[in-house]
Structures are given as structure tokens and as C-alpha cells.
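Here are a few notes for when you have the model open. Have a look at it first, then read on.

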Amino acid sequence: MQMDLKGRVAFVTGTTSGLGRHFAKVLAAAGAAVAISGRRADRLAALRKEIERDGGRCADIVLDVTDAAQIGPVIDRAEEALGPVDILLNNAGMSANGPVADISAPDFDLVMATNLRAPFLLAQDIGRRMIRRGKGGRIINIASITAFRVLPGSAPYCISKAGLAMMTQCLAREWARYDINVNAICPGFIETELNREWFETAKGKAQVQSFPKRRLQQAEDLDSTLLLLASDASRAITGSLFTVDEAQSL
Ligand code: NAI
């Protein structure tokens with residue numbers, strides 16, 4: 001089974017930190033040319049240099065995923081630089097935390113625009129291109145175990161991730177005939193900018209002790225699933241929601 005991505009082009013959102021940064025390097029190391037995107041131009045440029053220094057092909061493109069009007073032009077730029085996109089990795093995400101009674105409408109909207117609408121619009125734009133090209137493709141959404149299990153204090157986040165899980169299945173069903181495979185990875189808790197402050201609190205530390213392995217996961221734990229879903233090895237896998245969480249959700 002081939003997990004080699006030579007000759008493939010991947011577009012990744014939210015690559016200026018955490019998992020997105022890590023995933024971009026993993027895809028590049030597997031041979032894909034990678035269009036990295038995010039809001040912080042300086043961090044994108046630094047990551048592009050790092051990937052190029054390691055022998056990869058890379059284009060860095062500023063994209064705020066909530067800006068729907070930018071999506072088409074940005075994918076045009078990525079394709080001009082690297083060629084048609086074969087793999088979309090919807091990674092960018094954020095949370096608005098607090099009791100449900102205190103969540104404001106703008107905060108709710110921002111979580112939905114980032115975690116749900118943006119992956120949909122990116123998949124729609126890139127999916128249309130894949131359909132026109134007729135060579136299939138791969139769309140990978142980074143959901144979460146909170147798609148299935150309540151994380152108290154993060155209702156908008158959980159709701160958005162549950163929506164993303166269903167979106168994965170809707171698109172997979174509709175695009176199976178075009179060989180566009182759409183899957184989601186549902187990771188457990190991994191320490192990143194998203195949650196670092198929380199895991200430094202006493203309650204955060206107690207939460208880690210409640211996990212079966214009494215530890216946070218590492219970004220590297222997701223690499224094998226990512227490469228499987230990005231590559232030819234997952235030809236028959238579509239509409240699947242892969243929990244990779246060291247049993248945290250059980
Ligand atoms: P992170 O905060 O380090 O990364 C999220 C990235 O998304 C950041 O680079 C951020 O700037 C970017 N982003 C947010 N809003 C954006 C926007 N409007 N436009 C462009 N980029 C935007 O956190 P992490 O953990 O690396 O998160 C990556 C993905 O993994 C997210 O979708 C998150 O929900 C998901 N995830 C994370 C888990 C964890 O425990 N760290 C567990 C399960 C899922």
C-alpha cells in the first residue's frame with residue numbers, strides 16, 4: 001500500500017501553529033507539495049523556509065478562513081504556484097468558551113464561520129475543481145472527539161465539530177462517484193495554543209489524570225491516520241470519522 005504523496009499537491013489551513021504546522025511538515029516529508037495558509041504572514045514564511053530547507057515544495061498564502069470572498073482567489077494562487085490541489089486539509093479551528101448562558105451571538109458566529117462554514121466553502125471550491133479535473137481527490141477534516149461527546153464549557157466548539165462530522169459524511173456520499181474521498185480525524189486532547197492555558201490549571205491537570213493513559217496525546221500520534229487518508233492507501237475509505245484519542249472518550 002502506497003502512502004507516498006510524491007506528485008500530489010496539498011492545501012492546508014491554519015498552519016501557523018499547533019497541528020496545522022505539524023501536518024504541513026508531515027505531508028511535505030511524504031512528498032507532497034504543500035500550500036500552507038493562515039493569518040500570520042511571518043510565521044507562514046518561516047515555515048515555508050523550513051519545508052524548503054528540508055527539500056520540500058511549498059507556497060505560503062495568507063488566508064483568514066472566515067473571509068469567504070478570499071477562498072477562490074487563494075486557491076487560484078495555490079494552483080498557480082504548485083499545480084491542481086489533490087488534498088485539502090481543513091485544520092484551522094478555534095473555540096469560544098464559557099457557560100452557554102454567557103455565549104454572545106458574535107462569538108457563536110465566529111466559531112461556526114471558522115470551524116464549519118470555512119471547511120464547507122473550501123471543500124466546495126476545491127471539490128468543484130476536482131470534479132472538473134476528473135482525477136478524484138482527498139478531503140480531510142480535523143474534527144474532534146467533542147463531535148460525539150460534550151466538553152463542558154465549550155458548547156459552540158462541540159456543536160461546530162458535530163456539524164463538521166456530518167458535513168464529512170454528506171460530502172462523502174455526494175462525491176463518492178467522483179472518487180473524492182472525504183474523511184475526518186477526531187483527535188483527543190493534544191497540548192497546543194488552543195488549550196495550553198487550560199492544561200496548566202489545576203482542573204486541566206486533573207482532567208489529564210482522568211484519561212486512561214493519564215497523559216495528553218502528541219501531534220505525531222495522528223501522522224499515520226493523516227497519511228493513510230491523504231494517500232492511495234485509503235481508496236475505499238470515505239465518509240469515515242477516525243477517532244484517534246488513546247481511549248480518552250471512552
Ligand atoms: P491551534 O490554536 O494551535 O491551531 C489552530 C490554528 O487555526 C491556528 O494556527 C489559528 O491561527 C488557526 N485559525 C483560527 N482561526 C482562523 C482563521 N479565521 N483563519 C485562518 N486560520 C485560523 O490549535 P490546534 O490544536 O493545532 O488546532 C488545530 C485543529 O485541531 C483545530 O481544528 C482544532 O479544533 C482541532 N483539534 C485540536 C485538538 C487539541 O487537543 N489540540 C483536539 C481535537 C481537535
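Where does Ser 234 lie?

1. Ser 234 is in the loop between helix H8 (223–230) and strand E7 (241–244); helices (H or I, at least four residues) and strands (E, at least two) are DSSP runs, numbered from the N terminus. Before going further: this is a predicted model, where local features need pLDDT of at least 70, side-chain atom pairs count only at pLDDT 80 or more, and totals for chains, interfaces and linings use all residues. Residues are numbered from 1 along each chain as its sequence is written, and side-chain values use heavy atoms, with hydrogens and water left out.

2. Ser 234 counts as buried because its relative accessibility is 0% (buried means under 20% relative accessible area, exposed over 50%, partly exposed in between, with a 1.4 Å probe and protein chains only). Setting aside neighbours within four places in sequence, Ser 234 is in contact (heavy atoms within 4.5 Å) with Arg 138, Asn 181, Leu 228 and Leu 229.

3. Arg 235 sits in the loop between H8 and E7, and counts as exposed because its relative accessibility is 71%. Not counting residues up to four places away in sequence, Arg 235 touches Arg 138 and Asn 181.

4. Now to helix H1 (residues 18–29). Its buried residues include Leu 19, Phe 23 and Leu 27. The buried residues of H1 pack against several elements, among them strand E1 (9–12), helix H2 (41–53) and H8. Just after H1, Gly 31 takes a positive phi of about 110°.
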